[in-house]
Amino acid sequence: MVARRRKRAARDAEEGIPSPPGYSAVPIKFSEEQKASHYLYMREHRVRDGAKSSWPQKRTLFVLNVPPYCTEECLARLLSPCGPVQSVELQGKPELTESPKEPKSKFFHPKPVAGFQVAYVVFQKPKGVPAALALKGPLLVSTESHPVKSGVHKWISDYTDSVLDPEALRVEVDTFMEAYDRKMAEEEAKAKEEEGVPDEEGWVKVTRRGRRPVLPRTEAASLRVLEREKRKRARKELLNFYAWQHRETKMEHLAQLRKKFEEDKQRIELMRAQRKFRPY
């Protein structure tokens with residue numbers, strides 16, 4: 001494997017292709033009219049010994065510098081001569097977590113920001129990875145048989161795709177809620193089975209479940225709780241503890257009295273002007 005990487009690096013250096021260490025540079029072009037080439041940097045996806053990965057080993061190709069106009073379908077088509085492609089996933093940055101991946105939703109998982117991305121290409125057979133690393137190119141992204149939309153046509157297509165189908169959205173939400181209710185029911189049944197049963201070390205798990213289920217708190221109840229907490233904090237505060245607090249309280253009280261006096265004067269003048277002033 002090391003000798004193969006050195007051989008690829010030497011080949012790229014001879015051809016004048018800038019390639020990071022350990023990567024194979026494959027040139028691509030948007031169309032035949034384009035003169036300059038864009039380079040994809042590829043290597044086999046590997047993890048440390050003993051570490052888990054959500055991508056299958058020896059069948060996953062890690063690709064850097066994927067341009068915005070290169071979609072998952074386009075990348076799968078470009079690499080299909082190397083072998084059957086099982087899946088392609090584009091991401092904004094390399095994946096560092098090892099947690100299991102959840103199925104994506106086109107409604108609740110927004111598309112990544114347009115820009116250069118990384119890709120994980122999974123082949124059906126392991127021989128597809130070395131075949132992809134041996135590509136020379138340049139590979140054409142947009143052809144007559146497989147045109148790629150750009151400019152105004154791509155904007156129109158993106159806007160059309162952004163308009164949601166209410167029926168499809170309802171079906172997905174119902175499916176998600178059914179799966180969630182099923183999961184919560186299973187967890188509750190499991191908790192009831194384990195309630196009061198000691199574990200291997202003899203410990204009994206104590207839960208907060210009471211005789212009466214707790215009702216969900218409404219917005220009005222939440223506001224009442226917040227108001228109660230506010231009054232409780234106000235009672236605990238020390239009023240006029242310092243001399244400057246006492247002076248400020250007096251000044252605020254005098255200011256309020258002056259303001260009320262001026263308002264009363266204006267109200268009396270208005271009543272006199274309307275001939276409705278009856279002092280007795």
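Mentor: We shall discuss aromatic pairs and then a surface patch. This is a predicted model, in which local features need pLDDT of at least 70, side-chain atom pairs count only at pLDDT 80 or more, and totals for chains, interfaces and linings use all residues. Residues are numbered from 1 along each chain as its sequence is written, and side-chain values use heavy atoms, with hydrogens and water left out.

Trainee: How many aromatic pairs does a search of the whole structure find?

Mentor: The search finds three. Rings of Phe, Tyr and Trp (its six-membered ring) pair if their centres lie within 6.5 Å; planes under 30 degrees apart count as stacked, over 60 as edge-to-face and the rest as tilted.

Trainee: Why is the pair of W55 and Y120 stacked?

Mentor: Their ring centres are 4.7 Å apart and the planes lie at 5 degrees, so the pair counts as stacked. W55 is in the loop between β2 (38-44) and β3 (60-66), and Y120 is in strand β5 (residues 117-123), 65 residues apart. Strands are DSSP runs (E, at least two residues) and helices likewise (H or I, at least four), numbered from the N terminus.

Trainee: Is Y120 buried or exposed?

Mentor: Y120 is buried, at 2% relative accessibility; buried means under 20% relative accessible area, exposed over 50%, partly exposed in between (1.4 Å probe, protein chains only).

Trainee: Which residues form one aromatic cluster?

Mentor: W55, F62 and Y120 do.

Trainee: Now the surface: where does M177 lie?

Mentor: M177 lies in helix α5 (residues 166-194) and is partly exposed, with a relative accessible area of 37%.
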